[in-house]
Amino acid sequence: MGDEGLPHGSWTFLTSHARVLLALARDPEVRLREVAETCVLTERTVQAIVADLEQGGYLTRVREGRRNHYRITPGAKFRHPAEAGRDIAGLLALFADDPHVSHRKRHRP
């Protein structure tokens with residue numbers, strides 16, 4: 001699972017898992033198709049990442065009608081030993097205000 005939409009040899013500071021988690025934190029009702037577009041990933045990759053995040057205890061998916069609603073787990077900790085003991089709240093707070101997302105409430109059918 002990589003950065004499918006980036007030129008070969010490119011790298012980024014945030015992982016795809018972090019980008020997907022941030023997208024779901026910004027808009028808990030977002031469609032995974034939109035997350036894929038925002039994160040420059042395939043929809044299948046985003047689905048696999050969401051499954052990883054659920055299994056790891058970082059989020060829960062709740063069905064509301066025909067839509068999914070994603071809830072981030074408060075106090076979830078980073079997985080890597082270099083960040084051991086730190087929770088993801090700081091990362092989420094740092095990127096909570098995305099300059100690329102309109103602050104108007106989006107209308108959804």
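Visitor: Hey, what covers the buried residues of α1?

Guide: The cover includes α2, α3 (43-55), β1 (59-64), β2 (67-72) and α4. Helices (H or I, at least four residues) and strands (E, at least two) are DSSP runs, numbered from the N terminus. Buried means under 20% relative accessible area, exposed means over 50%, and partly exposed is in between, with a 1.4 Å probe and protein chains only. Contact means heavy atoms within 4.5 Å.

Visitor: Before we go on, what kind of model is this?

Guide: It's a predicted model: local features need pLDDT of at least 70, side-chain atom pairs count only at pLDDT 80 or more, and totals for chains, interfaces and linings use all residues. Residues are numbered from 1 along each chain as its sequence is written, and side-chain values use heavy atoms, with hydrogens and water left out.

Visitor: Okay, back to α1. How many of its residues are buried?

Guide: 8 of its 11, so α1 is mostly covered. They are Ser16, Ala18, Arg19, Val20, Leu21, Leu22, Ala23 and Leu24.

Visitor: And at what angle do α1 and α2 pack?

Guide: About 125 degrees, with the axes of α1 (residues 16-26) and α2 (residues 32-39) 10 Å apart. That makes α1 oblique to α2. The axes are lines fitted to C-alpha atoms, for helices over the stretch in contact, and angles run from 0 to 180 degrees between N-to-C directions. Under 35 degrees counts as roughly parallel, over 145 as roughly antiparallel, 65 to 115 as roughly perpendicular, and the rest as oblique.

Visitor: Which residues in α1 meet α2?

Guide: Arg19, Val20, Ala23 and Leu24, and on the α2 side they meet Leu32, Val35 and Cys39.

Visitor: What about α2 and α3, how do their axes cross?

Guide: At roughly 105 degrees, coming within 8 Å. The two helices are therefore roughly perpendicular to each other. Leu32, Arg33, Val35 and Ala36 in α2 meet Glu43, Val46, Gln47 and Val50 in α3, and that contact divides into 5 nonpolar, 1 polar and 2 charged residues.

Visitor: Which residues touch the most other members of the largest nonpolar core?

Guide: Val20, Leu24, Val35, Val46 and Val50, out of 23 residues in that core. The largest share, 6 residues, comes from α1. A nonpolar core is a set of buried Ala, Val, Leu, Ile, Met, Phe, Trp, Tyr and Cys residues joined through side-chain atoms within 4.5 Å.

Visitor: What does Leu24 touch?

Guide: Not counting residues up to four places away in sequence, Leu24 touches Val30, Leu32, Val35, Val50, Leu59, Tyr70 and Ile72.

Visitor: New topic: where is Val40 found?

Guide: In the loop between α2 and α3. Val40 has a positive phi of about 55 degrees although it is not a glycine, and it is partly exposed at 39% relative accessible area.

Visitor: Last one: is His69 buried or exposed?

Guide: His69 is buried, with a relative accessible area of 15%. This residue is in strand β2. Leaving out residues up to four places away in sequence, His69 touches Pro28, Glu29, Thr60, Arg61, Val62 and Glu64.

Key
Ala, Val, Leu, Ile, Met, Phe, Trp, Tyr, Cys and Pro count as nonpolar, Asp, Glu, Lys and Arg as charged, and the others, Gly among them, as polar.
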